[in-house]
Amino acid sequence: MPTRRAVTGRSREPRARFAEELRLLRTARGDSLRQLGERLGWDWSLFGKMEKGETIGGPEVVQALDQYYGTPGLLLALWELAAGDKSQFKERYRRYMTLESEATSLWHFAVSIVPGLLQTPGYAREVLAAGGYKGSELDQQVEARIGRQNLLAGDDPPPFRTILSEAVLRTPLRDVTEWCVQLERLAEAGDRGDVTVYVLPQSAGPHGLVSTDVWFLRLPGGSPVAYTENAYWGELIEESARIERLQRAYDVVRDLALSPSESRKFISRILEDVPCSPSI
């Protein structure tokens with residue numbers, strides 16, 4: 001059976017469709033990118049990147065474009081679809097990302113890296129660059145990672161618990177200012193009732209997850225899945241026996257970790273030792 005084509009002939013891929021609509025609206029107005037930037041007060045290069053699909057921008061600039069073009073809500077709706085598009089992630093991660101977006105609760109243990117749901121843009125950029133991303137691909141992956149955090153931004157977000165190995169807090173970014181911003185983000189994360197942050201001190205000694213970064217997702221209906229990963233690949237685990245084994249190890253780690261209040265104090269003490277700017 002032949003592939004069904006869209007009636008309009010335009011792309012069905014959300015990011016590409018968003019970029020396409022931006023180009024069509026601008027050219028229909030007869031504006032250059034520079035003229036658009038001057039009229040809306042943003043750097044014109046941002047609009048160029050948005051029209052090439054290298055970035056989708058933020059909601060503020062999209063709302064301004066909707067107002068300028070007289071398309072109330074249209075571009076913002078396309079932007080929301082693009083932001084939630086799982087094709088922006090590497091193929092091997094897409095099924096996990098789909099399940100994450102559906103999860104009713106999430107548990108996590110971090111070996112050495114801050115979990116993506118709590119990363120700042122500066123932290124995400126440096127970590128992804130260390131993994132080999134660069135140029136427009138780096139921009140897109142940073143945007144995709146930060147976009148995942150919309151999961152925790154709604155009116156009824158799923159509960160999220162993360163246990164951070166002390167190594168996470170002892171591995172700073174090269175950019176001290178960005179590292180300070182990230183530490184502050186972690187120290188304040190527990191202020192939200194739906195996020196709980198624990199720290200596992202090095203003094204806790206060896207444990208069953210000593211080399212395993214793991215996520216547990218509780219899906220609608222109550223069934224759990226697990227996802228383990230390292231710097232180069234990850235594995236989605238749906239077999240109940242393997243999940244139970246990981247959960248037992250996770251429970252031990254949680255029992256060894258500091259309480260949420262002590263964890264926040266621990267992070268704050270590390271932050272005090274970092275030469276942050278007074279403005280941070």
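Select β1 and β2: five bridges join these two strands, which run parallel. Strands here are DSSP runs of E with at least two residues, and helices are runs of H or I with at least four, both numbered from the N terminus. Two strands count as paired if DSSP finds at least two bridges between them. Strands of a sheet pair through backbone hydrogen bonds, either parallel or antiparallel. Pick A110 next; L164 in β2 stands opposite.

A word on the model. It is predicted, so local features need pLDDT of at least 70 and side-chain atom pairs count only at pLDDT 80 or more, while totals for chains, interfaces and linings use all residues. Numbering runs from 1 along each chain as its sequence is written, and side-chain values use heavy atoms, with hydrogens and water left out.

**Stop 1: the other partner of β1**

Colour β1 by burial. Five of its six residues are buried, where buried means under 20% relative accessible area, exposed over 50%, and partly exposed in between (1.4 Å probe, protein chains only). Five bridges join β4 to β1 (residues 105-110), and the two strands run antiparallel. Click W107: its bridge partner in β4 is F216. Click H108: its bridge partner in β4 is W215. β4 is mostly covered too, with five of its six residues buried.

**Stop 2: across to β5**

Select residues 224-229. This is β5, joined to β4 by six bridges in an antiparallel arrangement. R218 has P224 as its bridge partner in β5. Then show the turn. The hairpin of β4 and β5 has five residues between the strands, and G221 there takes a positive phi near 100°.

**Stop 3: the whole sheet**

Show every strand. In what order do the six strands of the open sheet lie? The order is β3-β2-β1-β4-β5-β6, with mixed pairing. β3 (195-200) and β6 (234-237) stand at the edges with a single partner strand each, so one side of each has no neighbour in the sheet. Neighbouring strands are turned by 10° against each other on average, direction ignored; the axes are lines fitted to C-alpha atoms, for helices over the stretch in contact, and angles run from 0 to 180 degrees between N-to-C directions.

**Stop 4: rings**

Display Phe, Tyr and Trp side chains. Rings pair if their centres lie within 6.5 Å, using the six-membered ring of Trp; planes under 30 degrees apart count as stacked, over 60 as edge-to-face and the rest as tilted. The whole structure holds four aromatic pairs. Zoom to F160 and W215, a stacked pair at 5.6 Å centre to centre with 10° between the planes. F160 sits in β2 (residues 160-165) and W215 in β4, 55 residues apart.

Move to R29. R29 lies over the face of Y68, at 4.2 Å from the ring centre. The test asks for NZ of Lys or CZ of Arg within 6 Å of the ring centre and within 35 degrees of the ring normal.

**Stop 5: L118**

Select L118, in the loop between β1 and α7 (121-130). L118 is buried, with a relative accessible area of 2%. Which residues does L118 touch, not counting those up to four places away in sequence? They are Q149, F160, T162, Q182, R185, L186, A189, V195 and V197. Contact means heavy atoms within 4.5 Å.

**Stop 6: S136**

Go to helix α8 (residues 135-147) and pick S136. S136 is partly exposed, with a relative accessible area of 36%. K49 is 87 residues away from S136 in sequence, yet the C-alpha to C-alpha distance is 8.7 Å.

Zoom out. The chain has 12 helices and six strands. Of its 280 residues, 43% count as buried. Among contacts between residues at least 6 apart in sequence, 68% join residues at least 24 apart.
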